[in-house]
Amino acid sequence: MDEQEQQEQREQLLALEDQAQKLVESGKFESACKVYEKYLRITENASILVKLGQCLISLRKFEDAMNCLNKALKLKPEDNDILTEKGNTLCHVGDYGQAIYCYQEVLTKSPMHFQAIKNYNIAIRAQGKKLGVQYSKIIELLKEKQKEKSRMEKRLGEKIEEKKLEA
């Protein structure tokens, strides 16, 4: 590709990115996704993959968003913002343990990363609530099983008394 073609391609990519951004700003995420995908057919770009992932999150297409973020991380494995965005996506699907892991990775490399700190704390609280709800359900099940056991023991005792009276 000569210099003229490279320049034309750069201009085309900038135009596509600008078009997609305007669509995002107007809430047209499906259309923005199509434009970002067109961009990515021309060249791979971690930043565009993240933006596509963010649009997919807005459309609640979390698995597709995660695929975009994983591809972006392959292109830029040390990018804390991409890893933070991956953590955010994991929070959306309720996988707080993995989200916390992502935020911890970011904070290990960049202890003052504001978004990672903020979202780490949110994920910790959410995981605690999730575990609290699960714990409450387990306690309720155990109480129900204990009541059932007591009823069975009572019936068994009654049966034993009946047998004693018959004998």
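Author: The model is predicted. Let us begin with length. At 1.5 Å a residue, helix H2 (residues 29–42), with its 14 residues, should span 20 Å, and its end C-alpha atoms are 20 Å apart, which agrees.

Reader: Which residues of H2 are buried?

Author: Buried means under 20% relative accessible area. In H2, the buried residues are Ala32, Cys33, Val35, Tyr36, Tyr39 and Leu40. They cover an arc of only 165 degrees around the axis, which puts them on the same side of H2. Lys34 and Arg41, on the other side of H2, are exposed.

Reader: Against what do the buried residues of H2 pack?

Author: Their partners are helix H1 (3–25) and helix H3 (46–58).

Reader: How many residues has H3, and what distance does it reach?

Author: The length test applies again. H3 has 13 residues, and from first C-alpha to last it reaches 19 Å, close to the 18 Å expected at 1.5 Å a residue.

Reader: Which residues of H3 are buried, and against which helices do they pack?

Author: Ala46, Ile48, Leu49, Val50, Leu52, Gly53, Cys55, Leu56 and Ile57 are the buried residues of H3. They pack against H1, H2, helix H4 (62–75) and helix H5 (80–92).

Reader: What caps the N-terminal end of H3, and what is the phi of the arginine that follows H3?

Author: The cap is asparagine 45, with a side-chain oxygen 2.8 Å from the backbone nitrogen of serine 47. Arginine 60, which follows H3, has a positive phi, near 65 degrees.

Terms used: Residues numbered from 1 in each chain as written. Predicted model: local features only at pLDDT ≥ 70, side-chain atom pairs only at ≥ 80, totals over all residues. Heavy atoms only, no water. Helix = DSSP H or I, 4+ residues; strand = E, 2+ residues; numbered from the N terminus. Expected span 1.5 Å × (residues − 1). Buried < 20%, exposed > 50% of the residue type's maximum accessible area, 1.4 Å probe, protein only. Arc of directions from axis to C-beta. Contact = heavy atoms within 4.5 Å. Polar contact = N/O pair within 3.5 Å; in protein donor to acceptor, adjacent residues only side chain to side chain.
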